[in-house]
Amino acid sequence: MSQEPTTYSLFLFLFLSHGVSSYTVPNSRQDLHPLLQKMAEEIIDGSYLNALLDLIQFQSSHIWTDDLSHRVLAYLNSRNVAFTIPSLQAAVENHLEQRLHQPQKLLEDLRKTDAQQFRTAMKCLLEDKKDRLDLKDIIVNLGEIRNRALQSPGMNRSLFLITLERCFQVLNSLECVEILGKVLRGSSGSFLQPDITERLPRDLCKDAFTNLSAVFKDLYDQTSAHSQRALYSWMAGILQTSSNAADDSVSWVSAENLWILGRYMVHLSFEEIMKISPMEIGLFISYDNATKQLDTVYDITPELAHAFLERISSSNFNVRNTSTIHRLGLLVCFYDDLELLDATVAQALLHQMIKCSHLRGFQAGVQKLKAELLDIATENQTLNETLGSLSDAVVGLTYSQLESLSPEAVHRAISTLNQVSGWTKSQVTILSAKYLAHEKVLSFYNVSQMGALLVGVSTQDFCSMDRKDLSQVLRSAVSQYVFNLSPAQKQGILSKMIESGDTASGIVEIQGAFFKEVSLFDLRREPGFNSTVLKEKELGRSQALFLYELLLKTTRRPEELLSAGQLVKGVTCSHIDAMSADFFLAHFQDFQNNFALLSPYQVNCLAWKYWEVSRLSMPPFLLAALPARYLASVPASQCVPFLISLGKSWLDSLVLDSHKKTSVLRKVQQCLDDSIPDEYTVDIVGNLLCHLPAAIIDRGISSRAWATALHGLRDCPDLNPEQKAAVRLKLLGQYGLPQYWTAETTKDLASFLVLFSGDELSSIAIKFPEILLQAASKMARTLLPKEFLWAVFESVLNGSDKLPSSDPMPGCHGVVAPSSDDIFKLAEANAWWALEGLRCMEEDTFIRTVELLGAVQGFSRPQLMTLKEKAIQVWDMPSYWREHHIVSLGRIALALNESELKQLDLSSIDTVVSLSQQTEWTPGQAESILQGFLDDSGYRIEDLKSFHLVGLGAAEVVFGDPTEWTSSVLQELGTIAAGLTKTELRMLDKDLMPYFQPSAIKCLPDEIFKELSAEQIASLGPENAAAVTHAQRRRLSQLQLQSLQWALDGAKTHSWQDAPANAGPTRTPSSRSPA
């Protein structure tokens, strides 16, 4: 950050350095152009930004001559201003650094500029092409100034506000709208608070209004629901004023106005939509871009969609006409005119409905509509005949329907089936087998046609392919689906690619993330790697460690390795230490560009290197990777750049030790003075917002800053209980109890609904059930509170029409059993079904939803047992189950006892893989699965291939004597390294300790871990030190514990030896800067 102001002040330093402080010219005032005199006076006054703007303005209309710098210098001297070049440069840098880090002051400066200076500033923002100001041999890099201003936290906000305040009085409205667009697109959307519409101009020319509306449309998804409503009101107000509507009975909503509204058309009221004239709605639908617009109305509701469909029907467009259906966009997701519908029209609707997955909610209704259209589309025809015309509705076909398909029908329909998303594993298994049954030989051509069905190809089939065909598959478009293959399938492909001893051509051809699957053993046999070949490959850390070391020995340009992206994972501390100061500083940006790829240990090494070679220019966030006492080197004057730098990082990945994190946050609080007074401070703290203590959230965030802070808090991945409680209290204070919330408030606070009790959520479940479901859907991959899931469960049950079964199972009379729709909507909230409800589920419901039920993490053992019994009821005993049955069970399979597991047909390694993905097996169950595979496949242990072992969750590694291991070998071994004996562990070089995987550290038995020397423990690195368990700690000596703390704190590996015996890392910053 400290280098940024130099860019601004460079122009002053350069032209002033052409003269000397004593240089004088007679009559200097008369001799100097008035604009340059004005610039010089501003330099004297310390108004350096104004001076820069005057210089830019002067240069735009005058030729800069060599003597001008001397004249400016002479003028300054004639005003009796005593200075030296270094002191002036320092003053300029200090002033502009304050402006860079205090954007409020920039806002004040821009408010004080005269009209010409302000126009120049706005033009500089606008004109991307004018990136350099050429003053003979003096260059001012305007492009860099502009980019840094736009990327600096808070700067965008100041530029946005000043543009609204002054631009429309100085520049033409089209230019101002372009500037607003540039500034807003570089923001997070938090600038567009509801009250901002009060500052928006209402007298824009038509083109400017249309362009500004387009900016708001582009930022729609980043804008809060309240702000969307406010922006819609601003747009609608202007459109209404400019319309020729004589009275309220005539709608202002013309075809053109609908196009201008874009996605904001979903904010039209039902009544306003129903007033749109047939001619205008017909004209709108006839626009070529209408379909594109209707494809993006993701948050439209059924009520409004039906209103639009009704108006379109009233025009001369027939909504049963195929060409009209193609124009309806997401409105087709709510099509309700099914009476006497033709099969061809139903197929056209299904083809368009493939886009309905983009809707925000209402997916259960979409699935229901697809099922109804599927019935119509297949009426009087067989499924084999219509399969290719059913679009993604085919995912609704049951196992029995899929199994009834002929291989020929699947082959004919492959161009449709391969594009469908949403297949379950069992469906893919059936369809892939059908497709491949039609092919005599598995070739590149027929596999390349499979698309999403590729994951259904068995491991054995991959192994039977010709290697050249398989190589082509990996280079073709279908390779995007390789990422979804199981570990056994991937290993099967790899084993085929490197067979016959020709490793080179096979491994080099493997691209992308799949390359990570190549073992270190096979990698070591490949001679043909270079940095260019590796740029398109994703590397594991062990691969990167090996390859970086290998290539470093042969390259003459080590900087090429750093710029190869993934290879930075393989840079060790010794590599960093060996870099010259100049090389390190010149190429540090390569590390920063790939910061997310670096381990905490690498970041710690980089921090130490920077501290040693150039601590004054060190990026402040790196201080957090050093021992906590080094934070004392951050003076109060450098708090803002420290906060900005740290706020751009994720603290949890930078600092792993909780004690050290507390020290870092204490420094953050000290810099903030325990308060967030305004929105600018929120901009500055960035991601640190997620780590602020509950007290600051509760009492330290001002009302002015709260809306912006809330925008940031909703993206925090893991607030602690105290922070959550503080946010909840703040929300209750601001918005009241949930029972009083509006739809907009509920949408804006959707990610915080998990903070409220079941009682508080009950009113949301009743008033806004769809918003609650959408919130649950967005958070599907997180562990949700039981009370929140109960509210979702109640919401779905209250909204479903429960009709008693005409033929209930014995003991099920009056029992509330789940329907397919219920299960689809509930997702993880299915865990609230009573055992009786699961037992009384209809067989067809179970068949259609078994994979959804198998994915529920919250099911208890009794619930899983009930679902297993349902599977036996529907499919008969486990001995009759086929691969797709077993694959579909998910966690339900955990309820199978050892006897039932032995009944399964486990001859296919792919079936075993589906079981091995569950992690809660008992030893007895796991043994039954292994023995079942050996018995059913006919293999002996010694016959197993690498893909068998991977599928079984085992591994084969032969790397020789541990004393010969390298960092890459130790990283490759993973948890297997935890099997080292005491003697082997003691023999490991201390420099290898950071390359244990954290999972291996946790797995080391306590009595083995305590055999590590203090030196080895001190060398673990921050990440591995953080993985040490409490049980392991308890077995360590005082000296070992001290070494562990040094590692946690990020101390240099040799420092622990130099410290006094009673010394430990300081928990609080010291009063003086460390040497």
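How are α16 and α18 oriented to each other: roughly parallel or roughly perpendicular? They are roughly perpendicular. In this classification, angles under 35 degrees count as roughly parallel, over 145 as roughly antiparallel, 65 to 115 as roughly perpendicular and the rest as oblique.

This is a predicted model, where local features need pLDDT of at least 70, side-chain atom pairs count only at pLDDT 80 or more, and totals for chains, interfaces and linings use all residues. Residues are numbered from 1 along each chain as its sequence is written, and side-chain values use heavy atoms, with hydrogens and water left out.

**Overall make-up**

The protein has 67 helices and two strands. Both are DSSP runs numbered from the N terminus (helices: H or I, at least four residues; strands: E, at least two). Of the 1075 residues, 54% are buried. Buried means under 20% relative accessible area, exposed over 50%, and partly exposed in between (1.4 Å probe, protein chains only). Among contacts with a separation of 6 or more, 70% join residues 24 or more positions apart. A contact means heavy atoms within 4.5 Å.

**Two helix pairs**

Axes are lines fitted to C-alpha atoms, for helices over the stretch in contact, and angles run from 0 to 180 degrees between N-to-C directions.

| Helix pair | Angle | Axis distance |
|---|---|---|
| α16 (residues 278-286) and α18 (residues 302-314) | about 100 degrees | 8 Å apart |
| α7 (residues 103-112) and α10 (residues 155-170) | roughly 25 degrees | within 8 Å |

Take α16 and α18 first. On the α16 side, P278, I281 and I285 make the contact; on the α18 side, F308, R311, I312 and S314 do. These residues divide into five nonpolar, one polar and one charged. Ala, Val, Leu, Ile, Met, Phe, Trp, Tyr, Cys and Pro count as nonpolar, Asp, Glu, Lys and Arg as charged, and the others, Gly among them, as polar.

Now α7 and α10. These helices are roughly parallel to each other. Helix α7 brings P103, Q104, L106, L107, L110, R111 and K112 to the contact, and α10 brings M155, S158, L159, L161, I162, E165 and R166. By class, that contact has eight nonpolar, two polar and four charged residues.

Helix α41 (residues 658-672) has 15 residues, and at 1.5 Å a residue it should span 21 Å. Its end C-alpha atoms are 21 Å apart, which agrees. The expected span is 1.5 Å times one less than the number of residues. Buried residues in α41 are K660, K661, S663, V664, L665, K667, V668, C671 and L672. Their cover includes α39 (639-647), α40 (651-654), α42 and α66 (1038-1049).

D673 follows α41 and is found in the loop between α41 and α42. Its phi is positive, about 55 degrees, although D673 is not a glycine. D673 is exposed, with a relative accessible area of 62%.

E679 is found in helix α42 (residues 679-685). At 13% relative accessibility, E679 counts as buried. Leaving out residues up to four places away in sequence, E679 touches R157, R704, A705 and T708.

F362 is not a glycine either, yet has a positive phi of about 60 degrees. F362 is found in the loop between α20 (343-352) and α21 (363-377). Is F362 buried or exposed? F362 is buried, with a relative accessible area of 17%.
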